[in-house]
Amino acid sequence: MDNDLIAGLGFAVLFVLMLLRVPVGIAMAIVGIGGFASLSGIEPALRMVALSPIRNATDFAFGLIPLFILMGAFASASGMSRELFRAGNAWLGHRRGGLSLATLSACAGFAAICGSSVATSATMARVALPEMRDYGYSRSVSTGVIAAGGTLGILIPPSVVLAVYGIITQQDIGRLFVAAFIPGLLAVAMYMTTVQIIAWLNPDAVPAGTRASWRERIASLRNVWAVALVFFFVIGGIYGGVFTPTEAAGMGAAGAFLIAAMRRSLTPRQTLDCLIESVRTTGAVFTILIGALLFGVFLAVTQTPQKLTDLLLALPIGPHGILLLLLLFYLILGCLMDSLAMIILTVPIIFPAIVDLGFDPIWFGVVVVMTVELGLITPPFGLNVFVIRGVARDVKLSTIYRGVAPFIVTDVLRILLLVMFPSIVLFLPDTMG
């Protein structure tokens, strides 16, 4: 049977399995093993199954994933998210839309020690939503701000999705984290600008809160030193070449635990729960990763990435035209799939084309993750939207989607900025030794 036909059948079976609600990692493993067996025989396929998962799961680079997940679990359990929101509220809450600004700043701070958009959304929904309701914020704005702010979890380093991109493409994860820093700050600034525009257009939707005294503002900063310390210790260590990303993840997890222990905010039971939750999340991520690796071997045998590269390079629309076409593909796919699954499934296929088109792999990693994050708030999937809906059960999905609409426009504008000015992404990593 022709390789192209087998590859086409493989993709068809993969999407059928996904429609049948088979977990994406398992679906990719089934297709990868079956497709490889049909091309190379049963015995080589069984050897691949026996060796590939163990070899990759025990790779030193993969160790940063469970460690960053554990760091986020300790940070969440120790109450750092609530302290970030209180500090943001003390400094910004008196402005019109101030609670929204405080929520976004807290989302950014929590994302810097969490690395997960879903965890950021769920945590901040419990912390910020009751406050915004008490002050009379509209349901669409309050839920939309939290859903959009949650997307910062996979953009502001350390990011699990960026780390996975680095592992798949064999790029320097430290450089990826550093490259995402300025775009992350840009995302926060543009989201806050969006809130100010909403406040100007519809003042009643985002009333002003109570003005805090300077004594209260200064006092609020005492509670956020831990977040700043962990973030700059991890990212600063990577930037300065003191730690590898995996070592930085270990130091970050240990630091978050020690800070929580010093504050006595973690009971033995909570510590055990953090460990269990980290194992569960890591198991889910590794299942997808291993499935993608097995599927990638099948694709390599069929030469699908090389053929797709040749097809894209032959299009008469130029490199940036091809790039915009790929980003549009990600926007559409983001409406249907989980962000991590999207990265793992598609990047191995299109990455050779990106390199041949002359785009910087570090820059593309940040841009594609930023594009993928849009899928977390766009219908009909919008994982962050469903997370908010799970917390605020009295709010309709349509109300939340209406609230995130202005932030979707902001995200598209930000992606275009990064495409037009790659130096926004590459400035910091180019200064690394």
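Predicted model: local features only at pLDDT ≥ 70, side-chain atom pairs only at ≥ 80, totals over all residues.
Residues are numbered from 1 along each chain as its sequence is written.

A cavity here is a set of points on a 1 Å grid over the protein atoms alone where a 1.4 Å probe fits but cannot get out, and lining residues have an atom within 4 Å of a point. Among those lining the largest cavity are Met337, Asp338, Met342 and Phe381. The lining has 6 nonpolar, 3 polar and 1 charged residues; Asp, Glu, Lys and Arg count as charged, Ala, Val, Leu, Ile, Met, Phe, Trp, Tyr, Cys and Pro as nonpolar, and the others, Gly among them, as polar.

Now for two helix pairs, with helices taken as DSSP runs (H or I, at least four residues) numbered from the N terminus. Axes are lines fitted to C-alpha atoms over the stretch in contact, with angles from 0 to 180 degrees between N-to-C directions.

| Helix pair | Angle | Axes |
|---|---|---|
| α16 (304-313) and α18 (339-356) | about 45° | 8 Å apart |
| α2 (24-40) and α15 (268-302) | roughly 30° | within 7 Å |

α16 is therefore oblique to α18, whereas α2 is roughly parallel to α15; angles under 35 degrees count as roughly parallel, over 145 as roughly antiparallel, 65 to 115 as roughly perpendicular and the rest as oblique.

Key: Heavy atoms only, no water. 1 Å grid on protein atoms, 1.4 Å probe; cavity = no way out; pocket = protein on both sides within 12 Å on 5 of 7 lines; lining within 4 Å.
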